[in-house]
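Work through the exercises below with the sequence and the coordinates open. Each task is followed by a solution in steps.

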Amino acid sequence: MDTSEEAARGLTDIQDFLYQQAHLRAARRRVAAFTGREPGLTAAQKADIERWYLAEQAYVARMVTDHIAACVSEAEQRHRARFGHWLRGTLTAMILITVAMGLCLTAVLVGA
């Protein structure tokens, strides 16, 4: 892996981390609002609910991030396959054109 690929991977890792942290911050606000509206909960119950909810949201964030990464990877593979197909077709066309031009040149030189 060259430096630019490592840098791109590092940026992707940072984006994933920032997405997950933003998701967890929003989850903390939601669960704090929820437990704050429930007057009958003890501090320990609130802490348990918050711990469970944040763990669940961390799992969801990880699953979403993994799904997005898999989709991007799949799209890159399809793009590489299409580009490879296009490149082979272009190379084949260039070879055929070169052979045809060579035959025409040979015919002109032999006929002259």
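A crossing is left-handed if the near helix is turned anticlockwise from the far one by less than a right angle, and right-handed if clockwise. The model is predicted, so local features need pLDDT of at least 70 and side-chain atom pairs count only at pLDDT 80 or more, while totals for chains, interfaces and linings use all residues. Residues are numbered from 1 along each chain as its sequence is written, and side-chain values use heavy atoms, with hydrogens and water left out.

**Exercise 1.** Describe how helix 1 and helix 2 cross.

Solution. Two packed helices are described by the angle between their axes and the distance between the axes. Axes are lines fitted to C-alpha atoms, for helices over the stretch in contact, and angles run from 0 to 180 degrees between N-to-C directions. Here the axes come within 9 Å and cross at roughly 150 degrees. Angles over 145 degrees count as roughly antiparallel, and helix 1 and helix 2 are therefore roughly antiparallel to each other. Their crossing is right-handed.

**Exercise 2.** Which residues of helix 1 are buried, and what do they pack against?

Solution. Buried means under 20% relative accessible area, with a 1.4 Å probe and protein chains only. In helix 1 this holds for H23, L24, A26, A27, V31 and T35. They pack against helix 2, where contact means heavy atoms within 4.5 Å. L24, for instance, has 13% relative accessibility and so counts as buried. Apart from neighbours within four places in sequence, L24 is in contact with L54, Q57 and A58.

**Exercise 3.** Repeat the analysis from the side of helix 2.

Solution. The buried residues of helix 2 are Y53, Q57, A61, T65 and G84, and these pack against helix 1. T65 has a relative accessible area of 7% and is therefore buried. Neighbours within four places in sequence left aside, T65 is in contact with D16, Y19 and Q20.

Definitions and conventions:
Buried < 20%, exposed > 50% of the residue type's maximum accessible area, 1.4 Å probe, protein only. Helix = DSSP H or I, 4+ residues; strand = E, 2+ residues; numbered from the N terminus. Parallel < 35°, antiparallel > 145°, perpendicular 65-115°, else oblique.
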